[in-house]
Amino acid sequence: MKTLKQPNFSRQQSAGIDEKSGIALRFSAIHGLKSLVCFIVLVVIALYVRDSFIRPTFGDVLVVVWLYYLLASFLSMPVKWLVLLVVLIAFFVEIGQLLQVTTWLGIEPSSPLAVILGATFDWKDLLAYCVGGGLCWWMETK
């Protein structure tokens, strides 16, 4: 009796994925759920909280956590690189606020894109983004 050798798919790479980068596309339901929870909390904060700490500071920390889990739900890559990517995205958005990119691009102030990109630069936001990145790193490596 002849036995068939079954293929081993555990080490097989997806087409177009660089073996050294460790980046792959895949869906993670748990990260997607975490992203959804963060998004709901962000919406509640945006709609109902009017203070000088929760909305501006905690909201900036949470937006980094939300973006981390949003990207982590579709990308598989090392935590440190994903945290760095998310913090850099947040920094670029904040620098865009300093340079008034929405005005340069002619984006209406009331448009959803203008709301997402923000309008006011604040150095403290950069610190909040770093705290959010550190929180993501801590939660994922503990």
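Is the crossing of H1 and H2 left-handed or right-handed? The crossing of these two helices is left-handed, a term used when the near helix is turned anticlockwise from the far one by less than a right angle, with clockwise giving right-handed.

This is a predicted model, in which local features need pLDDT of at least 70 and side-chain atom pairs count only at pLDDT 80 or more, while totals for chains, interfaces and linings use all residues. Residues are numbered from 1 along each chain as its sequence is written, and side-chain values use heavy atoms, with hydrogens and water left out.

The chain holds six helices and two strands, which are DSSP runs numbered from the N terminus (helices: H or I, at least four residues; strands: E, at least two). Their order from the N terminus is β-α-α-β-α-α-α-α. Of its 142 residues, 28% count as buried (buried is under 20% relative accessible area, exposed over 50%, partly exposed in between, with a 1.4 Å probe and protein chains only).

H1 and H2 pack at about 155 degrees, and their axes are 8 Å apart. Axes are lines fitted to C-alpha atoms, for helices over the stretch in contact, and angles run from 0 to 180 degrees between N-to-C directions. The two helices are therefore roughly antiparallel (over 145 degrees; under 35 is roughly parallel, 65 to 115 roughly perpendicular, the rest oblique). Among the residues that meet are Phe-39 and Leu-42 in H1 and Phe-58 and Leu-62 in H2; contact means heavy atoms within 4.5 Å.

The largest nonpolar core has 20 residues, and Leu-62, Val-64, Val-65, Tyr-68, Leu-82 and Val-86 have the most contacts inside it. Such a core is a set of buried Ala, Val, Leu, Ile, Met, Phe, Trp, Tyr and Cys residues joined through side-chain atoms within 4.5 Å.

H2 gives the most, with seven residues. Leaving aside neighbours within four places in sequence, Tyr-68 is in contact with Val-79, Leu-82, Val-83, Val-86, Cys-136 and Glu-140.

Leu-135 lies in helix H6 and is partly exposed, with a relative accessible area of 33%. With neighbours within four places in sequence set aside, Leu-135 is in contact with Val-61 and Val-65. The C-alpha atoms of Leu-135 and Val-65 are separated by 7.5 Å, although these residues are 70 residues apart along the chain.
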